[in-house]
Amino acid sequence: MRRLFFLVPALSIPVLLWSAIADPMVKWQVQTAPGIRAIGLSQDSLLLVRAEGLTALALSNGKVKWQKKLSAGFDQAAPCLGTLLLAGPQGALTALRLTDGAALWRSAQLFERPRVACLSDRVYVASAGALTVLEAQSG
């Protein structure tokens, strides 16, 4: 039996992303194309970032809630206060609304290989020996 799990650090629970055979213990399962670059979790959605776009799945049943094409390559996703922060090696941060994927803001500053975390209403960006703190709602 082949399965692919993702450990959700904040919740310390594994989420089944793929299974080769039917299993009565599996709550739900969806088939995805290869190439998932990042995974994010919000209160009610599992967010899959791939080269061609972003897909939000309902945590309760795996049904697609919405999809959005992305114009740039992103390899990180961090949900924060109703937004989804996307970061990639090109350096800009982009915030999308979690409910529908609409663009909220894009950082004016470019970061070298940014790593992003969110806590409360702040976004923490580690990049090339510097730590930058932004407001989650406005950038």
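## Terms and basis

Two strands are said to pair if DSSP finds at least two bridges between them. Strands (E, at least two residues) and helices (H or I, at least four residues) are DSSP runs, numbered from the N terminus.

The model is predicted: local features need pLDDT of at least 70, side-chain atom pairs count only at pLDDT 80 or more, and totals for chains, interfaces and linings use all residues. Residues are numbered from 1 along each chain as its sequence is written, and side-chain values use heavy atoms, with hydrogens and water left out.

## Overall composition

The protein contains 13 strands and 0 helices. It has 139 residues, of which 40% count as buried; buried means under 20% relative accessible area, exposed over 50%, and partly exposed in between (1.4 Å probe, protein chains only).

The accessible surface comes to about 8100 Å², and 56% of this belongs to carbon and sulfur atoms. Such areas come from the Shrake-Rupley method with a 1.4 Å probe; for residues, only the protein chains shown count as cover. Among contacts (heavy atoms within 4.5 Å) between residues at least 6 apart in sequence, 27% join residues at least 24 apart.

With β7, strand β8 runs antiparallel, joined by 5 bridges. In this pairing, A87 of β8 stands opposite Q76. The hairpin of β7 and β8 has 2 residues between the strands, and L81 takes a positive phi near 45° there. Strand β9 (residues 93-97) also pairs with β8 in the antiparallel sense, over 5 bridges; the bridge partner of L85 in β9 is A95.

## The disulfide

The structure holds 1 disulfide, a term used for a pair of cysteine sulfur atoms within 2.5 Å. It is formed by C80 and C118, whose sulfur atoms are 1.6 Å apart. The pair links distant parts of the chain, with C80 in strand β7 (residues 76-80) and C118 in strand β11 (residues 115-119), 38 residues apart.

The relative accessible area of C80 is 3%, which makes it buried, whereas C118 is partly exposed at 24%.

## The sheet of β11, β12 and β13

An open sheet is formed by 3 strands in the order β11-β12-β13, with antiparallel pairing. Strands β11 and β13 (130-135) stand at the edges with a single partner strand each, so one side of each is left without a neighbour in the sheet. Strand β12 (residues 122-127) is joined to β13 by 6 bridges, and V123 has L134 in β13 as its bridge partner.

T55 lies in strand β5 (residues 53-58) and is buried, with a relative accessible area of 10%. Its side chain makes a polar contact with the side chain of Q67 at 3.3 Å. A polar contact is a pair of N or O atoms within 3.5 Å; within protein, one must be able to donate a hydrogen and the other to accept it, and residues adjacent in sequence count only if both atoms are side-chain atoms.

N61 is found in the loop between β5 and β6 (64-69) and is partly exposed, at 37% relative accessibility. The side chain of N61 reaches the backbone nitrogen of K63 at 2.9 Å.
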